Amino acid sequence: MMVWAVIFGMGALVFLNRYVFLEPRLPVRLSSNVRQFLGFAVPGMLTAICGPIIFLADHQLNLSPANPYLLAGICAVALMFWTRNVLMTVLLSMAVFYLLRWWL
């Protein structure tokens, strides 16, 4: 029972948090400085999530050329600059990653 209450409570909290900023009839507006600051939230979060996965294998820094995570991450960055297409980058970098895991 408590688990369901937490799930629904968090769902309501997330919904209301999004609703306040997305509903055009509500008078809540963010300044341009706050919007610019929030633009850095997603890259920061992705770096915090992906950084340890890519660079830390077995809790040790792994910068070797045999690290498939590192090579696929470099490939994903290069593909994003080259294609400018998120879906294409995700699909191709996943294919490169699985190919590297199989080969290395």
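This is a predicted model: local features need pLDDT of at least 70, side-chain atom pairs count only at pLDDT 80 or more; totals for chains, interfaces and linings use all residues.
H3, H4 and H5 each contribute at least two residues to the lining of the second largest pocket.

Select Gly-73, Ala-76, Val-77, Met-80 and Thr-89, which lie nearest the centre of the second largest pocket among its 13 lining residues. The space in this pocket amounts to about 230 Å³. Next, select H4, the source of the largest share of the lining of the second largest pocket, with six residues. Colouring the lining of the second largest pocket by residue class gives 10 nonpolar residues, three polar residues and no charged residues.

Proceed now to the largest pocket, which holds about 430 Å³ of space. To bring its centre into view, select Cys-50, Ile-54, Gly-73, Ala-76 and Ser-93; these lie nearest the centre of the largest pocket, whose lining consists of 13 residues.

Then display three helices: H3 at 41-55, H4 at 68-83 and H5 at 86-103, each of which supplies at least two residues of the lining of the largest pocket. Which helix gives the most to the lining of the largest pocket? That helix is H3, with six residues.

Terms used:
Residues are numbered from 1 along each chain as its sequence is written. Side-chain values use heavy atoms; hydrogens and water are left out. On a 1 Å grid over the protein atoms alone, a cavity is a set of points where a 1.4 Å probe fits but cannot get out, and a pocket is an open set with protein on both sides within 12 Å along at least five of seven lines; lining residues have an atom within 4 Å of a point. Grid points are joined across faces, edges and corners, and a volume is the space filled by probe spheres set on the points. Helices (H or I, at least four residues) and strands (E, at least two) are DSSP runs, numbered from the N terminus. Ala, Val, Leu, Ile, Met, Phe, Trp, Tyr, Cys and Pro count as nonpolar, Asp, Glu, Lys and Arg as charged, and the others, Gly among them, as polar.
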